[in-house]
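Here is my note on this structure, in numbered points. Please keep the model open while you read, and look up each residue as it comes.

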Amino acid sequence: MRISTFFYTLKQGIISIFRNKWFTLASLATISACLFIFGIAYSLMVNFQYMIKTAEEAVSITVFFDEGITEERIAEIGNIIDSRTEVDHKVFVSADEAWAEFSQELGEAAEGITENPLANSANYEIYLNDVSAQGKLVKYLEQVEGVRKVNKSEFTANMFTGVNSLVTYVSIGMIAILLAVSVFLISNTVTIGISVRKEEITVMKYIGATDFFVRAPFVFEGMIIGLIGAAIPLALIYYIYVFALKFLAEKFAFLSNLLVTLPAKDVFIVLIPVSLLIGVGIGFFGSFFTVRKHLKV
């Protein structure tokens, strides 16, 4: 394909956008709404997952040992724990360290106690890569020789996993519906463009125009609509996101340990290329298959 042909078909695609203004605006509005919701859903989802990941870091499994266990066996159990793929890291807490921490909480009530009442409370605090794997790891550790008891946070693990899945499924469902509506509207826009230019297309075919030469302007039209429809919500979402981060930092500073958010660059480094690709993809497929259906070339 010659460069002059490429620019000619691109120009015709742009002209067609302005020729069918109302359908173009409808397609732009739908794609923008779709990708706006996609962007908001993605921003909320990644931040929610980041909050969960941060919260998961504070959720641990505690492994207690049999009474009279040797230090060598404790070390062996530690090696077994390290070998598990579910484990991010572990912390050994000796009986003396456990009593020192607990006695500080007791305050004056702990004064006068000379012997360690937590002599058999040495343990490993285990932190996981994924809290949903907690049940599998606990079941395994309970079978390890020398392990007396394993404390777990089953309710917390199930809550994190369930809410995360719910948010993901709802977001995917909403996005799929809007994507389908966007493709439908672009298809209608291209169909109107074909009808308006029917006679012109017939003449072009009589004088020897190739299939690509006839189809390309409509495909470019759809891709340009998709690109613009993606760029508009991206700009809007960026300003909303930056404003929201500033608002949360100023008005809800006391919840800073709970509302842990990602900086804008970490969200948009993925959101920008994905949204633009989706927008162009919607435009391409919506126009390409419509052209093949309605143009007998």
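1. Start with E86. At 8% relative accessibility, E86 counts as buried. The cut-offs are these: buried means under 20% relative accessible area, exposed over 50%, and partly exposed in between, with a 1.4 Å probe and protein chains only.

2. A word on the source. This is a predicted model, in which local features need pLDDT of at least 70 and side-chain atom pairs count only at pLDDT 80 or more, while totals for chains, interfaces and linings use all residues. Residues are numbered from 1 along each chain as its sequence is written, and side-chain values use heavy atoms, with hydrogens and water left out.

3. What does E86 pair with in a salt bridge? The partner is R84, and the closest N and O atoms are 2.9 Å apart. A salt bridge here is a side-chain nitrogen of Lys or Arg within 4 Å of a carboxyl oxygen of Asp or Glu. As background, side chains of opposite charge can pair when their charged atoms come close.

4. Stay with R84. It lies in the loop between helix 3 (71-82) and strand 2 (87-93). Helices (H or I, at least four residues) and strands (E, at least two) are DSSP runs, numbered from the N terminus. R84 is buried, with a relative accessible area of 18%. Leaving aside residues up to four places away in sequence, R84 touches K136, L137 and Y140. Contact means heavy atoms within 4.5 Å.

5. R84 also lies over the face of Y140, at 4.1 Å from the ring centre. The test is that NZ of Lys or CZ of Arg is within 6 Å of the ring centre and within 35 degrees of the ring normal. K149 lies over the face of F64, at 5.3 Å from the ring centre.

6. Next, the salt bridges as a set. A search of the whole structure finds 3 of them. One joins E76 and R73, with the closest N and O atoms 2.8 Å apart. Both residues lie in helix 3, 3 residues apart, about one turn of the helix. E76 is partly exposed, at 41% relative accessible area. In another, the side chains of D82 and K90 meet at 2.7 Å, N to O. D82 is partly exposed at 44%, and K90 is partly exposed at 26%.

7. Now look at helix 5 (residues 134-141). Which of its residues are buried? They are Q134, L137, V138 and L141. Seen down the axis of helix 5, these buried residues fall within an arc of 100°, so they line one face of the helix. The arc is that of the directions from the helix axis to the C-beta atoms. On the other side of helix 5, K136 and K139 are exposed.

8. Aromatic rings come next. The structure holds 6 aromatic pairs. Rings of Phe, Tyr and Trp (its six-membered ring) pair if their centres lie within 6.5 Å; planes under 30 degrees apart count as stacked, over 60 as edge-to-face and the rest as tilted. F65 and Y124 form an edge-to-face pair, 5.5 Å centre to centre with 90° between the planes. F65 lies in strand 1 (residues 60-65) and Y124 in strand 3 (residues 123-128), so the pair ties together parts that are 59 residues apart in sequence. F65 is buried at 4%, and Y124 is buried at 6%.

9. Here is another pair. The rings of Y241 and F268 have centres 6.0 Å apart and planes at 75°, so the pair is edge-to-face. Y241 lies in helix 8 (residues 211-251) and F268 in helix 9 (residues 264-294), so the pair ties together parts that are 27 residues apart in sequence. Y241 is buried at 8%, and F268 is buried at 5%. Y238, Y239, Y241 and F268 form one aromatic cluster.

10. Finally, the cores. A nonpolar core is a set of buried Ala, Val, Leu, Ile, Met, Phe, Trp, Tyr and Cys residues joined through side-chain atoms within 4.5 Å. The largest has 19 residues, and those with the most contacts inside it are Y42, Y241, V267, F268 and L271. Helix 2 (21-56), helix 8 and helix 9 each supply at least two residues of this core. The largest share, 7 residues, comes from helix 2. A second, separate core of 17 residues includes A122, L128, V144 and V150.
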